[in-house]
Every structure is written in C-alpha cells, then in structure tokens.
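Hi,

Here is the structure I promised to pass on. Have a look at it first, and then read my notes below.

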Amino acid sequence: MAAETVVLKVAMSCEGCAGAVRRVLSKMEGVETFDIDLKEQKVTVKGNVKPEDVFQTVSKSGKKTSYWEGEATAPAAPAPAAEAVPSAVEEAPAAEAAPAPAPEITPAKADA
C-alpha cells in the first residue's frame with residue numbers, strides 16, 4: 001500500500017480533546033506521522049493507511065469527525081453520493097409532471 005495523506009475535520013475544543021485523538025492515532029497501525037491543529041480543528045495523518053480506517057479510528061475518540069473538504073484523500077464513496085443527488089433532482093420534475101393529468105380528470109367528473 002502506498003503512503004496516503006488523510007485530512008480530517010475533528011471537533012476539538014481543548015487540549016483534552018486533542019489528547020483523545022492523539023491517543024487513538026498513536027495506537028493505529030500504519031500511521032507514520034500525524035499533526036493535530038486544535039485551532040483549525042484539523043487532523044492530518046500520513047502513512048500506509050486507508051482513509052476510511054483513519055476516519056473510523058479518529059471517530060472512536062468520541063469527537064465529531066468528517067473529511068476535510070478539498071484536501072488529501074477521502075474515500076470514493078462520497079463521490080457517487082454527490083452524483084446521486086442530481087438524479088434525485090431529475091426525478092422530482094417527473095413526479096411533478098404526474099399530478100398534471102389529475103386536474104383534467106377532476107373537471108371531467110364535474111361535467112358528468
């Protein structure tokens with residue numbers, strides 16, 4: 001496995017929070033280095049690791065964790081989710097088109 005850089009946004013309000021993240025990362029296999037920026041709430045992990053594994057490990061600290069947008073590696077899973085949103089939007093107009101015939105039927109019943 002090639003070396004990866006994983007950047008996470010982790011809700012840390014104090015040194016104790018940073019210590020909890022430091023503790024779980026120091027035990028994680030494959031981690032070569034990591035940096036915890038308390039002010040930015042940013043955790044950067046480098047090593048022979050999978051992004052999802054790093055995410056899961058940091059989540060075990062009990063801190064709200066998400067991938068840092070626009071940097072380093074995030075798993076491929078979020079990309080298809082983003083593609084699924086436009087298709088859901090495409091379906092919405094089709095659903096709106098379906099009720100259109102209903103007003104035509106309603107006046108026909110009123111005339112009968």
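Phe55 sits in helix α2; helices here are DSSP runs of H or I with at least four residues, strands are runs of E with at least two, and both are numbered from the N terminus. With a relative accessible area of 17%, Phe55 is buried (buried means under 20% relative accessible area, exposed over 50%, and partly exposed in between, using a 1.4 Å probe and protein chains only). Leaving out residues up to four places away in sequence, Phe55 touches Leu8, Thr65, Ser66 and Tyr67, where contact means heavy atoms within 4.5 Å.

Before I go on: this is a predicted model, so local features need pLDDT of at least 70 and side-chain atom pairs count only at pLDDT 80 or more, while totals for chains, interfaces and linings use all residues. Residues are numbered from 1 along each chain as its sequence is written, and side-chain values use heavy atoms, with hydrogens and water left out.

Back to Phe55, then. The structure holds 1 aromatic pair (rings of Phe, Tyr and Trp, the last by its six-membered ring, pair if their centres lie within 6.5 Å; planes under 30 degrees apart count as stacked, over 60 as edge-to-face and the rest as tilted). The pair is Phe55 with Tyr67: the ring centres are 5.0 Å apart and the planes are at 20°, so the two are stacked. Since Phe55 belongs to helix α2 and Tyr67 to strand β4 (residues 65–67), the pair ties together parts that are 12 residues apart in sequence. Tyr67 is buried, as is Phe55.

Val6 is found in strand β1 (residues 4–10) and is buried, with a relative accessible area of 0%. From Val6 to Lys50, 44 residues along the chain, the C-alpha separation is 8.2 Å.

Now for the overall picture. The protein has 4 helices and 4 strands, and from the N terminus on they run β-α-β-β-α-β-α-α. Of its 112 residues, 26% count as buried. Among the contacts with a separation of 6 or more, 62% come from residues 24 or more positions apart.

How do two of the helices meet? Two packed helices are described by the angle between their axes and the distance between the axes. For helix α1 (residues 15–27) and helix α2 (residues 51–59), the axes come within 9 Å and cross at roughly 135° (axes are lines fitted to C-alpha atoms, for helices over the stretch in contact, and angles run from 0 to 180 degrees between N-to-C directions). That makes α1 oblique to α2; angles under 35 degrees count as roughly parallel, over 145 as roughly antiparallel, 65 to 115 as roughly perpendicular and the rest as oblique. On the α1 side the contact is made by Val21, Val24 and Leu25, and on the α2 side by Val54, Thr57 and Val58. By class, that contact has 5 nonpolar, 1 polar and no charged residues (Ala, Val, Leu, Ile, Met, Phe, Trp, Tyr, Cys and Pro count as nonpolar, Asp, Glu, Lys and Arg as charged, and the others, Gly among them, as polar).

Arg23 is in helix α1 too. At 49% relative accessibility, Arg23 counts as partly exposed. Arg23 and Val58 are 35 residues apart in sequence and 9.4 Å apart in space, C-alpha to C-alpha.

Two more residues to look up. Thr33 is in strand β2 and is partly exposed, with a relative accessible area of 44%. Setting aside neighbours within four places in sequence, Thr33 is in contact with Thr44, Val45 and Lys46. The C-alpha atoms of Thr33 and Gly47, 14 residues apart along the chain, are separated by 6.7 Å.

And which backbone angle is worth a look at Gln41? Its phi is positive, about 60°, although Gln41 is not a glycine. Gln41 lies in the loop between β2 (31–37) and β3 (42–47), and at 26% relative accessibility it counts as partly exposed.

Cheers
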